[in-house]
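Here's a short tour of a two-chain protein model. Take a look at it first, and then we'll go through it topic by topic.

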Amino acid sequence: MNKQKIMGVINLIHETDELDKLTHGRCTATVPFGSRYRLIDFTLSNMVNSGIGEVGIFVHQRYRSLMDHIGSGKSWDLQHRKSGLFVLPPITDDVQELSRGDLFHFYQNRDYFLRSAPEYVLITRSHMVCNIDYRRVLEQHIAKQADISVVCSHSTEPVLGKARKVRMDENGLITEIQDSYGRMVSDHYNMEMYLMKKELLMDLVETSLAKGQDHLVRHAIFSRLNELNVYGYVHDGFLAIVNTINSYYGNSMKLLEPEVWRSLFTEPAPIYTKVKDGPPARYTNNADVSRSIIANGCLIEGKVHNSILFRGVHVHPGAVVEDSIIMQNGIILPNSTVKCSIFDKDVVLEENREVKGVSSGPYLAGKRKVI
Amino acid sequence: MFMVRKEMIAMLLAGGEGKRLGVLTKDLAKPAVYFGGKYRIIDFTLSNCVHSGLDTVGVLTQYQPLELNRYLGIGSPWGLDRRDGGMTILPPYMQKAGGVWYKGTANAIYQNIPYIERYEPEYVLVISGDHIYKMDYELMLQHHKERNAAVTIAGIEVDWKEASRFGLMHIDEHNHITGFEEKPKIPTSNLASMGVYIFDWKILKSYLIADENNPMSTNDFGKDVIPAMMNDNLLLNCYIYDGYWKDVGTIDSLWEANMDLLEDQPSLDLGDPQWRIYSVNPNQPAQFIAANASITSSLVSEGCLIEGDINRSVLFYGVSLGEHSTVTESVIMPRVKIGKHVQIHRAIIGDGAIIEDHAVIGSPDSKEITVIPVGEHVKARENLMGVE
């Protein structure tokens, strides 16, 4: 049967954001990623694919683009008679509201939690890009009799982007969590996905706030590692942590491995996004494309190598795009060259120009820039 | 009861069997056949309706309706899930006196008079789900109203060589139709009926009833109703359309219409942001083009993984093409898996087919288009050269 066990909360309050121009006009959650998606598509799709039918989004700042993107939630099949998608904006009666910790928002929205039927709550953020089945997390959570389960990834190489580090014992019991700048050495990184009973969350919210603490992870979870059974669930699939420009660029380039492309976008289940109804990509007689990801609606008349093109990009004859990411409706006019660059939406590169960055510091063009 | 009156509603004939499309329509109604890398044929007429401001569309289904009904759903992808009107699927139904199939195009409308009457329209647009074109029916309605005609039929000039495949019209200098022949052996005109009619509903209703009571009638618009109106000297108006229009009723014309999209300046623009062709979204990631791949003069859709060479071809979503494989002048329908060292020339590969390593399908010099049925498994030994 299909009765809901888990409700989802996507917490966008105070997300780490070092994405420079990419988040000048939007929140981290709606940063375009992977040729046709926005960051939030991954966590939303993972929830839906795991049978979660009720998702609340704690929006905070610059969320106009988010409202536009998610609409009624229909693209993720979250437009139901019962439950579905809830956008929960901050209550702005108080000017100081925006600087307060996220526990205030949980508290202010406690009616939303109390009214919902599911027994468990899964709290995630938008910048941890992966494809995961949360039902497996719940299975382990129940088997270990955990109070809180934290999804972690394992990597022996240093990760791109900023993430908290986690230390756990051989049973998976978490003994320490440190912020990304902490000195602890560990192969486990916190994916900022927390599963617990709704009852426990409500209790943590009220007791922490009563003590003057307002931060969910630091105050309600870190400081209670001794009192509660907090277990790590190790996700072994691909993970992209997208909260700095270098991690944005580096993780995008990793998608150019067919295995990563296949597993991130389709396994165990597909990632959904807003429907655009563009035609298939069209390649003309002079097109020269290799090792690239191309979205629908693109028109390729020039050369594209080692790059990611979002929907509706037009590469004119004689133009060259290499090692770059060109977002929606970008136009590269004839005989121009782009290398190691990130172009936000609607950027136009005029004729006979050359734009070059380096892979450790890609050139970044803001939305609607004409170069 | 409050009822919203509609000036014009559309009746979309989607029951075509599409016999001449052979194996492609074995389990599929013709309007549900794939076209253009991501669409089905019916997407074009449905999108035309929506862009022309029509929000009430009755879709008449009959032959192999399962896949078509599943595809259409409640019309959401075309914006046709509306409170008043929207899309309604109208299959033949049982009556007290026993059920009957739709005997012909006119009979199909006749059986659905109660549906049309619900909206009390002044005009009824009758269209077919078998054609590829972009047309603003509102402009045609204006023409119809200006001429105060009983019926307006859209016409297009076709190649004389092909003319005998169509219903042909003769017109005078006022665009009044003076003669009408259904698929004559020797054509005397090259002005073909596009199968797009706007009728004054009161007049049409009386003719449908009369036609139903005529035991000699074949209950067809082109053969019976239009000639009857002409005999009665009603004003039959022709609206001349000069855009792209293609009847994709045969394997050759389906293949050709797909190839038409590959010109550097195609005559049918699928990318017009003001006239998007809506379709059901397949939810696939963006296409992946591997290091050794080459793609020229082609349309490739989402979810494809391309490691081989493609020239002058249309690839639908979710197709994979292995290394050292070549595809030229072909149409590859959704989710086809093509192995390594495969040669495909001048072919249409049905959706879900599996083409094993080293298989050869069709030939660059073949006159005939090779067709691989839906879901077929082609092994290397089977050398299919121009066999349909």
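Let's start with Asn148(B), which counts as exposed because its relative accessibility is 65% (exposed means over 50% relative accessible area, buried means under 20%, and partly exposed is in between, using a 1.4 Å probe and protein chains only). Before going further, keep in mind that this is a predicted model, where local features need pLDDT of at least 70, side-chain atom pairs count only at pLDDT 80 or more, and totals for chains, interfaces and linings use all residues. As for the labels, residues are numbered from 1 along each chain as its sequence is written, chains are lettered from A and ligands numbered from 1 in the order in which they are written, and side-chain values use heavy atoms, leaving out hydrogens and water.

- Asn148(B) isn't a glycine, yet it has a positive phi of about 55°.
- You'll find Asn148(B) in the loop between helix H5 (137-147) and strand S8 (151-157) of chain B; helices (H or I, at least four residues) and strands (E, at least two) are DSSP runs, numbered from the N terminus.
- Lys183(B) also has a positive phi without being a glycine, this one of about 40°.
- Lys183(B) sits in the loop between strand S10 (177-182) and strand S11 (191-200) of chain B, and it is exposed, with a relative accessible area of 51%.
- Over in chain A, Glu267(A) and Pro268(A) are joined by a cis peptide bond, with omega about 5°.
- Pro268(A) belongs to the loop between helix H9 (258-266) and S14 of chain A.

**Where the two chains meet**

- Chain B brings 38 residues to the contact and chain A brings 36 residues, with contact meaning heavy atoms within 4.5 Å.
- About 2,900 Å² is buried between chain B and chain A, and carbon and sulfur atoms give 53% of that; buried area is the accessible area (1.4 Å probe) that two parts lose on being put together, summed over both.
- The rule finds two salt bridges across this interface (a side-chain nitrogen of Lys or Arg within 4 Å of a carboxyl oxygen of Asp or Glu).
- One of the salt bridges links Asp81(B) to Lys74(A), with the closest N and O atoms 3.9 Å apart.
- On the side of chain B that touches chain A, strands S14 (287-289), S15 (294-296) and S16 (298-300) of chain B each supply at least two residues.
- Sorted by class, that side of chain B has 18 nonpolar, 14 polar and six charged residues; Ala, Val, Leu, Ile, Met, Phe, Trp, Tyr, Cys and Pro count as nonpolar, Asp, Glu, Lys and Arg as charged, and the others, Gly among them, as polar.

- One open sheet has 10 strands in the order S26(A)-S23(A)-S20(A)-S17(A)-S14(A)-S16(B)-S19(B)-S22(B)-S25(B)-S28(B), with mixed pairing; two strands pair if DSSP finds at least two bridges between them.
- Strand S26 (348-349) of chain A and strand S28 (370-372) of chain B are at the edges, each with a single partner strand, so one side of each has no neighbour in the sheet.
- Where do the chains join here? Strand S14 (residues 281-283) of chain A runs antiparallel to S16(B), joined by three bridges, and Ala281(A) has Val300(B) as its bridge partner.
- S14(A) also pairs with strand S17 (residues 299-300) of chain A, in the parallel sense over two bridges, with Ile300(A) as the bridge partner of Tyr283(A).
- Another open sheet has 11 strands, ordered S28(A)-S25(A)-S22(A)-S19(A)-S16(A)-S14(B)-S17(B)-S20(B)-S23(B)-S26(B)-S29(B), again with mixed pairing.
- Its edge strands are S28 of chain A and strand S29 (377-378) of chain B, each pairing on one side only.
- Strand S16 (residues 292-294) of chain A and S14(B) run antiparallel, joined by three bridges, and Ser292(A) has Ile289(B) as its bridge partner.

**Covered pieces of chain A**

- Helix H8 (residues 245-254) of chain A is mostly covered, with eight of its 10 residues buried; among them are Tyr248(A), Tyr249(A) and Met253(A).
- Strand S6 (residues 120-124) of chain A has five of its five residues buried.
- On one side of S6(A) are Tyr120(A), Leu122(A) and Thr124(A), on the other Val121(A) and Ile123(A), and all are buried.
- S6(A) pairs with strand S1 (residues 6-11) of chain A in the parallel sense over five bridges, and with strand S11 (residues 188-197) of chain A in the antiparallel sense over four bridges.
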